[in-house]
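Trainee: I am new to this one. Can we go through it step by step?

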Amino acid sequence: MAITKRILLVQPRHIYAPPKSKKKNGHIYMPTSLLTIAAILNEIGIRVKIVDENISDFDFDENIIGINLLGAPYIPYAISIEKKLNMKYGNDYRLLIGGQIVSGLSKIDLKNLFSSKTLNGNLSKTINEVFYIDEKKIPKKENISLIKVYDQIDPEMLKLYLSNEFGFYLSQGCKYTCSFCAAQRTINIKTNKKRIVEQYRNIDIALNDFEYLINKAIHFKILNIRVYLSNLDLFQNPLMLFAFAEGVVKIKKKYPNLAIKLRGLSTSRSFLRANKDFNDEIGRAHV
């Protein structure tokens with residue numbers, strides 16, 4: 001396969017959206033997971049083009065395509081994309097599939113569903129295999145700003161995203177292992193235990209990104225911001241959540257005419273323990 005430094009990243013049209021033939025927008029929701037991957041690829045010198053099929057269509061002008069799968073119902077879509085790539089490029093293509101559902105697929109699952117040209121896009125070794133980039137040079141997503149990628153979005157598309165509720169990447173991972181959840185598992189390396197933990201972004205970077213979006217919204221005369229935080233269990237790490245919330249309060253004071261609404265998922269256990277955990281951690285911090 002010829003080495004290329006370009007990739008097309010695709011957000012599939014929502015399965016419950018009106019058919020494309022009706023020429024209506026689908027589910028308008030900022031594809032934050034896709035934008036995060038785009039930011040990482042940009043950082044290591046890969047030229048990225050992003051398409052959201054809820055808003056526009058795309059041509060197969062690139063032989064390396066990445067798809068963000070929102071769940072198992074999107075697997076047939078990915079299979080259809082691979083068939084089209086095969087028809088146009090023969091074996092000279094790569095399809096990278098990402099999303100939480102992909103982390104739950106074994107190598108056998110991938111082999112049975114796709115060809116060897118389709119790879120798990122959630123793995124850093126895949127970037128190494130496709131672009132010949134040393135894994136050690138791939139930055140951690142927790143330390144990457146998305147501002148450069150936000151800048152690449154067409155202004156009318158960004159306005160559309162910010163006019164609706166949009167997802168904001170604040171943390172990933174969870175200390176629980178619920179059988180129904182396909183969430184990414186993270187490991188606490190500091191201890192010698194394979195304990196699953198929530199992993200926050202660098203708070204300063206996250207707040208800088210957040211304020212950038214706030215400024216864009218104000219530029220578009222959008223004064224009611226609705227945000228869905230990526231945390232799988234919002235109150236699992238009260239101290240980090242407080243640090244982010246405190247930063248948002250400071251941002252809000254700069255723009256008094258702006259309404260900011262934040263929401264997220266939470267387990268009842270973490271919700272009930274949040275006040276106690278927060279007070280305990282504050283106490284330890286001042287000992």
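**Strands, helices and a buried loop residue**

Trainee: Which residue is the bridge partner of Leu95 in strand 5?
Mentor: First, the ground rules. This is a predicted model, where local features need pLDDT of at least 70, side-chain atom pairs count only at pLDDT 80 or more, and totals for chains, interfaces and linings use all residues. Residues are numbered from 1 along each chain as its sequence is written, and side-chain values use heavy atoms, with hydrogens and water left out. In strand 5, Leu95 has as its bridge partner Thr118.

Trainee: How many bridges join strand 4 to strand 5?
Mentor: Strands here are DSSP runs of E, at least two residues, and helices are runs of H or I, at least four, numbered from the N terminus. Two strands pair if DSSP finds at least two bridges between them. Strand 4 (residues 94-98) and strand 5 run parallel. Ile97 also has a partner in strand 5, Asn120. The number of bridges joining strand 4 to strand 5 is 3.

Trainee: What is the strand order in the open sheet of 5 strands?
Mentor: The pairing is parallel. Strand 2 and strand 5 (118-120) each have a single partner strand, so they stand at the edges with one side left without a neighbour in the sheet. Neighbouring strands are turned by 25° against each other on average, direction ignored. The order is 2-1-3-4-5.

Trainee: How many of the 5 residues of strand 4 are buried?
Mentor: Buried means under 20% relative accessible area, exposed over 50%, partly exposed in between (1.4 Å probe, protein chains only). On one side, Arg94, Leu96 and Gly98 are buried; on the other, Leu95 and Ile97 are. Strand 4 is therefore largely enclosed by the rest of the structure, and the number buried is 5 of the 5.

Trainee: What is the handedness of the unit made by strand 3, helix 2 and strand 4?
Mentor: Strand 3 and strand 4 run parallel, joined by 5 bridges. In strand 4, Asn68 has Gly98 as its bridge partner. A crossover is right-handed if, with the strands pointing away from the viewer, the path from the first strand over the helix to the second runs clockwise. With helix 2 (residues 75-89), these strands make a β-α-β unit that is right-handed.

Trainee: Why are the buried residues of helix 7 on the same side?
Mentor: The buried residues in helix 7 (residues 155-163) are Met157, Leu158, Tyr161 and Leu162. The arc is taken from the directions from the helix axis to the C-beta atoms. They share a side of helix 7 because they cover an arc of only 130°.

Trainee: Which residue caps the N-terminal end of helix 7?
Mentor: Look for a side-chain oxygen 3.0 Å from the backbone nitrogen of Glu156. That oxygen belongs to Asp154.

Trainee: Is Asn54 buried or exposed?
Mentor: Asn54 lies in the loop between strand 2 and strand 3 (64-68). Contact means heavy atoms within 4.5 Å. Leaving aside its neighbours within four places in sequence, Asn54 is in contact with residues including Gln11, His14 and His27. With a relative accessible area of 4%, Asn54 is buried.

Trainee: What is the order of the open sheet of 3 strands?
Mentor: The pairing is parallel. Strand 6 and strand 10 (259-263) each have a single partner strand, so they stand at the edges. The twist averages 35° from one strand to the next. The order is 6-9-10.

How values were computed. Polar contact = N/O pair within 3.5 Å; in protein donor to acceptor, adjacent residues only side chain to side chain. Axes fitted to C-alpha atoms, helices over the stretch in contact; angles between N-to-C directions.
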